[in-house]
Amino acid sequence: PCKDDLTDKLDSLDVWVTCPAAYRAAGNGVLVSEVSDGLTTVCHWRHRHPIATYLVAVAVTNYEDYTDLVPINGDTVPMLNYVYPENLADAMSLTPVQVPVMQLYDSLFIAYPFANEKYGHAQFGWGGGMEHQTMSFVGGFDFELLAHEMAHQWFGDHVTCGSWEDIWLNEGFATYLSGLCYEHLFDGIWWMPFKTGRIDAITSQPGGTVWCNDTTDVNRIFNGRLSYAKGAMILHQLRWVIGDEAFFTALRNYLNDPALAGGFARSSNLIDHFEAASGQDLDWYFADWLYGEGFPSYIINWFPADIGLGINVIQTQSDPAVDFFELPLPIRVFFHNGQDTLLTLQHDNNIISGQNFYFPLLYWDI
């Protein structure tokens with residue numbers, strides 16, 4: 001029994017599970033006790049952080065468990081893993097890779113919100129995962145799946161979407177954070193494939209908004225192309241627009257906002273923090289990319305000009321709902337001598353013949 005909505009969180013939680021002695025129970029928070037009389041076992045899990053009702057969960061089977069330790073800020077967070085016995089060896093080789101993931105999220109955003117209790121994984125019979133607070137349930141131990149569910153502890157659990165219309169605040173962020181792992185870890189070799197894969201998914205169909213316009217349809221809410229992939233990539237694109245310092249400052253302030261931390265947020269709350277950190281009015285951006293449909297495509301041509309380089313840009317739109325996507329465009333120019341430079345085109349109109357840009361260049365060789 002619970003208040004099954006996105007307006008109120010439990011402030012604390014105690015769960016007692018009685019099960020056959022051969023079984024173990026996984027749950028939220030800290031395992032206070034596990035007592036067996038030979039026939040049954042009683043497990044007591046305690047959680048003392050605000051938690052949305054849909055993030056409460058228990059799982060019971062013949063689990064094996066082990067703990068990975070995560071050093072953070074001079075302390076250690078236990079990462080507790082409840083695993084099927086037949087998958088124990090595989091899991092023990094894969095979950096330690098999540099230690100630097102938690103350290104990365106901790107450094108980019110705020111300290112792990114539930115550090116005084118734990119984080120963990122409980123294996124269950126789904127193909128994917130679910131970000132139950134402090135104990136994600138996962139079907140397997142794929143790197144990106146685990147990084148995605150851990151990211152939810154910040155974006156989705158600590159701060160939870162205040163309406164299913166804003167599910168991208170959960171899923172777009174978790175998808176993007178798993179991408180940030182590829183940017184910062186593994187020498188960055190998977191970062192470009194991650195972005196390319198998401199862009200290919202987004203552009204596989206012409207329309208659709210990141211903001212969920214039909215909360216009666218579960219498949220629309222959890223649409224992988226829109227809520228996940230496009231939600232992630234409009235964040236990455238905004239990072240380009242306002243710069244890294246403003247982008248990450250805004251996200252830290254969002255997570256630390258007393259009105260949101262441990263509670264719920266709407267898209268407007270996030271936008272307020274992006275605007276405050278960047279000093280920019282970003283209505284133009286979110287009107288197109290969050291609430292608008294589709295995406296732009298570009299025809300870009302260069303030509304020699306009296307002062308150096310001329311560039312002509314023509315934009316088309318995949319859906320008529322947005323007639324023009326105003327966006328600064330990064331264009332890299334390569335010279336015959338092996339040098340290159342990155343130009344930023346402030347693309348703000350879309351006349352029939354396209355918008356022309358002119359750049360004086362010290363070196364020019366047709």
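Guide: Let us begin with serine 267, which, leaving aside its neighbours within four places in sequence, is in contact with Asp166, Trp168, Leu169, Leu290 and Tyr291. Please keep in mind that this is a predicted model. The place of serine 267 is in helix H9, which covers residues 267–278.

Visitor: What makes serine 267 count as buried or exposed?

Guide: Serine 267 has a relative accessible area of 1%, and the word buried is used for values under 20%, so serine 267 is called buried.

Visitor: How do you know that helix H3 is mostly covered?

Guide: Helix H3 runs over residues 143–151, and eight of its nine residues are buried. The buried residues of H3 are Phe143, Leu145, Leu146, Ala147, His148, Glu149, Met150 and Ala151. At the start of this helix, a side-chain oxygen of aspartate 142 comes to within 3.2 Å of the backbone nitrogen of glutamate 144.

Visitor: Why is the aromatic pair of tyrosine 176 and tryptophan 191 called tilted?

Guide: The structure holds 33 aromatic pairs, and in this one the rings of tyrosine 176 and tryptophan 191 lie 6.5 Å apart, centre to centre, with 50 degrees between the planes. Planes under 30 degrees apart would count as stacked and those over 60 as edge-to-face, so the angle of 50 degrees makes this pair tilted. The pair links distant parts of the chain, with tyrosine 176 in helix H4 (residues 168–184) and tryptophan 191 in helix H5, 15 residues apart.

Visitor: What is the relative accessibility of tyrosine 176, and what is the relative accessible area of tryptophan 191?

Guide: Tyrosine 176 has a relative accessibility of 1% and counts as buried, while tryptophan 191, with a relative accessible area of 11%, is buried as well.

Visitor: Why is the pair of tyrosine 285 and phenylalanine 286 called edge-to-face?

Guide: The planes of tyrosine 285 and phenylalanine 286 are 90 degrees apart, with 5.3 Å from centre to centre, and an angle over 60 degrees counts as edge-to-face, so this pair takes that name. Both tyrosine 285 and phenylalanine 286 are buried.

Visitor: Which residues lie closest to the centre of the largest pocket?

Guide: The largest pocket holds about 760 Å³ of space. Of the 23 residues that line this pocket, Ile199, Met233, Gln237, Trp289 and Leu327 are the closest to its centre. Helix H7 gives the most to the lining, with seven residues, and the lining residues divide into 14 nonpolar, four polar and five charged.

Terms used: Residues numbered from 1 in each chain as written. Predicted model: local features only at pLDDT ≥ 70, side-chain atom pairs only at ≥ 80, totals over all residues. Heavy atoms only, no water. 1 Å grid on protein atoms, 1.4 Å probe; cavity = no way out; pocket = protein on both sides within 12 Å on 5 of 7 lines; lining within 4 Å. Points joined across faces, edges and corners; volume = space filled by probe spheres on them. Helix = DSSP H or I, 4+ residues; strand = E, 2+ residues; numbered from the N terminus. Nonpolar A, V, L, I, M, F, W, Y, C, P; charged D, E, K, R; others polar. Buried < 20%, exposed > 50% of the residue type's maximum accessible area, 1.4 Å probe, protein only. Polar contact = N/O pair within 3.5 Å; in protein donor to acceptor, adjacent residues only side chain to side chain. Contact = heavy atoms within 4.5 Å. Phe/Tyr/Trp six-rings, centres within 6.5 Å; stacked < 30°, edge-to-face > 60°.
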